[in-house]
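Me: Please take a close look at one helix pair in this model. Then set that pair in its surroundings.

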Amino acid sequence: MAVLAERRPLGDTAKAWALNAPAMIVIALLVAYPIAYSFWVSLQRNNLKRPRANKFIGFDNYQALLSDQAFLSALKVSALFVLVVLGLTVVLALILALVLNEQFRGRGLLLSLALLPWAMPGVVNGLMWRTIFDAKTGALNGLLTQLGLIDGYHAWLTSGTGAFLFTALAQVWNTLPFSVIILLAGLSTIPSELYDAATVDRAGAVQRFVQVTVPWLLHPLLIVLILETMNAFRAFDTIYVLTGGGPGDATTTIALLDVQTVLTFTDFGLGSAYAWVITAITLLISVGYIGLLYRKGNFEV
Amino acid sequence: MSTVVKVPLRYRIPWKKIVLYVLAVAFALYLVLPFYWIVAMSFMREVDAIAVPPHWIPSHPTLENYLGFIHPSEAQQLVGGRAIDETPYSLRNSLIVATSTAVLNLVLATFAAYSFSRLKFRGSQVLLVLYLLTRMVPGIAIIIPFYLLMRTLGLLDTYLALILSYTTFALPITIWILKDFFRSVPRELEEAARVDRCGWFRTMWSVFLPVAAPGLVAAAVFAFMTAWNEFMFALFLTSTKAAKTIPVVAANFATDFNTQFTVMAAAGVLAVVPPLVLALLFQRKLVQGMAAGSVKG
Amino acid sequence: MELNRRQILKYAGLGLALPAASPLLSACSNDKSAGAGDGSVKFEGWDYEAALVQQNLDNFTKTSNIKVNYTPITSAQYVQKVVAEFTGGGGPDALYVYDDSLAGWVEGDYLQPLDGMPGVDEVYGAIYPGNAAAMTYQGKRYGLPYYTDSNCLTYNADILAKAGITKPPASLEELEAQAVKIKSAGLLEYPIGVPAQLSDTWWSWVWALVFGSGGNMFDDQQTPIMNTTDSVVKDVFAWLQQAATKSKVIDPACLQLLAVPIDNAMKANRYAYTIGARYASRDYNDATKSKAAGKIRMALVPSLDGQVHGTVSNTRLYALAKDTEVKDNAFKLLTYLGGLDANKKPYTAKFWFLQRGLGFAYKSMATDPEIVASLKKFADPAIYAHLGEIAKPRNVLGVPWYTEFEIEMHKVVQGVLSNQTQPSAAVASLAQSVDTLKKKYS
């Protein structure tokens, strides 16, 4: 009997693994090896400029991070960047999704516009904002001057705070659409009966939002949070084109520093260690996210 | 005529409508203005593009910036002509790479996602998280080993190298999107088909997949965008116009000597149009496709 | 367990099938790295004027019967891509090298020395010492010169004249005073512009200012002296801060400007002065590209005391890969490009100067009548040649931490320009960075 009872799930398991095999093979062949290799390299002193000095140094690269000023500063910039970008993205995406979830003339057009930034490669996004923020001929300067809000052209990206905020804004514009789609999709599945019930209870708009919309949106919101955290932590092309990380260290995020360490300084060992710290942080946040879902009890895999 | 009587009685300021339209207009401006600026610039002459105050509408509209991609003028050939010359090729390459990535992704992800949505099996959660884990390692960490791998396989500067790498990037997310959508497809559909003695593949092809279309569209568009927008791997894995994609060429514009703003803007516009058309064509399905996924786990 | 025998067999089968499939995969590749076996030379360079390069290479193939497979690489990522190629095996046979990269690429075993090869001694005797030094590493010679340039003060004589100034400044004090005059005459709000946005390229103008006043950041043992025996760096920083934040003659927007926008501003008469490469003047004085054509002049880099003068040069060279299998043909190509021809004339160097005004390392070219005639169109030949003679390369190009230092220096100078860092703190922090870097690389 026991054998018979177990046969069925075993068959499913085999079938499932067979179905997963193509995807797993592609990923294992192409990514698993580079990932393992990069971890191995992170345990080495490995600068492509000095191949003869390469050697295994265990966790020394990681230990050195604790006193690595560039790394610590970049980590701080990144944390702030993630907070600002994430905060703005979530708030703007939520409002935009709520607007799009209503019926009004021009809704289709607005939805189309909401998809526009998604179609823009990060490099092009950086170039676009560079012409807009330009100190001499930029559209932002032109617009604000014509509206009478400023008296003369400003060099927006020359102060640390300015560069940081404008870079974050450019990044938000680029990453907004994906969040909007997910949140809008979530909103579109809220059964209208729930709202009707709330209306009968004479709940005001705010109460309805808090009591019906937010709980229902919790899951899509968390998905947005996790994906956008990952994206913001790894944001590179827009910043690179817009400020190159400056002025000073103001926009040198950990992702930018990592690319610079690997590609410009050819320090593959240290760069890999940076990358694994980024991975660990992203993983921690994701675990937190999944834990949160479990507690909510609606994580069904 | 009765409405005329009723209006004053029931008239309330439609706050909700007003707020809605104000927000809609504000968002529309926020979304479109930056892009409008490069579109406008792409139809301007260089002198007008850097004018102060800016010309919001091209005062001497010209197609020169676009025509230059087909027939570079003598001046363009002289200065930094390579990025200009490569733009049409890179658009073709991007289209081929992104489309192939989307297709390959759909095939691989559909199989995998089906298993998560229909079969109970041990290790399924671990596997799902493992897929996602491969996306958490930043690209820069794996780019050099990846380059070496592609070199060993002799795939440098080919479409295949890019298609394979983007497929691995997009797969984890597309599997998640699809598994959630597939779950929302009622099992009864397949069971009914099986009663009709359709084989498993027939069932999938003619019954299951059509119902799952919105999810497939969402996944495909996601994969397409991932491939279209990626820069760093394209930079390393390609070297000639045989495989360079549009972000790589766009980056050339940023660093080339003597690049004109206006030509750069035209290239930027061209880089946005194909994925935008795709997203617009499928926008309804896109939202539907994500809908199932974002609500359930 | 979930793995039953059949599954294990299946996985094993896959493992066997894959290596077998890889030759199939490589069949579809465009990779030309596999030697064609016909003695053709794989040649790589950054993509400056790729069409002209190809034209020149075609000429070489015609006369020598040696085929060249030339791949231009985006200049911004040239170094990274070449490093990746050499790391993966199968890099080019001959290639362009920046003087900044030379030491690293020699240490990385990418390049081989040219000592003892035909004509090399002759070339090194015919070029400026600064260029010869830049192509030499640990006593061995690794390249033939592609082009070189040194920095100068470039100014718009028309704007100066409008402010009643007849002579370019010799000292930094004078430069500031002239700029203030232009500013108060209402001609320009910010007369001086320099590219000061962070980027991976070197900031030649900082080095030019330091060398211009006879200072240096390092001694010959690459020990930092900017905070000890050499006060020039600190004084130059103090001047920069003064000009940027007190008299406000250096454009504050510089912090977000790369080289190209500075060029555009010069061409649009929006700056009166900049410090940069000599060859930019050719473009600035080209009526088809520039509104300032005919007004741009070149002068020695102003110094702290107005007496000493110096400047910095860079050298771009052609080098030979260590692992090349076509050494003879590759060296013939190198000689054609960077050496002397049968008439003992630097054919390609002259080609580049006449075509694009690229600076030359060959001393004899300064007196070549054809060159002088062409040079006169955009610069004073005497000043041009003088700059070439006094220019010297950075003396830290050979250290492995140079790139890191250069970027660190950019950040520090940004701090000086925006009044965030005081000059004395700036030099102290530079010396500190060198210490940290040296430890890291020890």
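**A helix pair in chain A**

Reply: H7(A) and H9(A) cross in a right-handed sense. The model is predicted, so the geometry here is that of a prediction. The contact draws on both helices. H7(A) supplies Thr175(A), Ser179(A), Ile182(A), Leu183(A), Ala185(A), Gly186(A) and Leu187(A). H9(A) supplies Leu217(A), Pro220(A), Ile223(A), Val224(A), Glu228(A) and Asn231(A). By class, that makes eight nonpolar, four polar and one charged.

Now the geometry. Two packed helices are described by the angle between their axes and by the distance between those axes. H7(A) covers residues 160-188, and H9(A) covers residues 205-234. Their axes lie 9 Å apart, at an angle of about 165°. Angles over 145 degrees count as roughly antiparallel. H7(A) and H9(A) are therefore roughly antiparallel to each other.

Next, a loop of chain A. Asn47(A) sits between strand S1 (44-45) and strand S2 (55-56) of that chain. Is Asn47(A) buried or exposed? The cut-off for buried is 20 or more other C-beta atoms within 10 Å. Asn47(A) has 24 C-beta neighbours inside 10 Å, so it counts as buried. Leaving aside residues up to four places away in sequence, Asn47(A) touches Ala53(A), Thr266(A), Asp267(A), Phe268(A) and Gly269(A). Leu86(A) is 39 residues from Asn47(A) along the chain, and 34 Å separates their C-alpha atoms.

Chain A also meets other chains. Take chain B. Here 82 residues of chain A are in contact with 76 residues of chain B. On the chain A side, H1(A) gives the most, with 18 residues. That side has 55 nonpolar, 20 polar and seven charged residues.

Then chain C. The contact takes 24 residues from chain A and 27 residues from chain C. On the chain A side, the elements giving two or more residues are helix H1 (2-42) and helix H11 (254-264). H1(A) provides the largest share of that side, four residues. By class, the side of chain A that touches chain C divides into eleven nonpolar, nine polar and four charged residues.

Last, chain B by itself. Chain B has 16 helices and zero strands. Of its 297 residues, 54% are buried. Among contacts in chain B with a separation of 6 or more, 76% come from residues 24 or more positions apart.

Methods:
Residues are numbered from 1 along each chain as its sequence is written. Chains are lettered from A and ligands numbered from 1 in the order in which they are written. This is a predicted model: local features need pLDDT of at least 70, side-chain atom pairs count only at pLDDT 80 or more; totals for chains, interfaces and linings use all residues. A residue is buried if 20 or more other C-beta atoms lie within 10 Å of its own, exposed if 12 or fewer, and partly exposed in between; C-beta atoms are placed from the backbone. Two residues are in contact if their C-beta atoms, placed from the backbone, lie within 7 Å. Ala, Val, Leu, Ile, Met, Phe, Trp, Tyr, Cys and Pro count as nonpolar, Asp, Glu, Lys and Arg as charged, and the others, Gly among them, as polar. Axes are lines fitted to C-alpha atoms, for helices over the stretch in contact, and angles run from 0 to 180 degrees between N-to-C directions. Angles under 35 degrees count as roughly parallel, over 145 as roughly antiparallel, 65 to 115 as roughly perpendicular and the rest as oblique. A crossing is left-handed if the near helix is turned anticlockwise from the far one by less than a right angle, and right-handed if clockwise.
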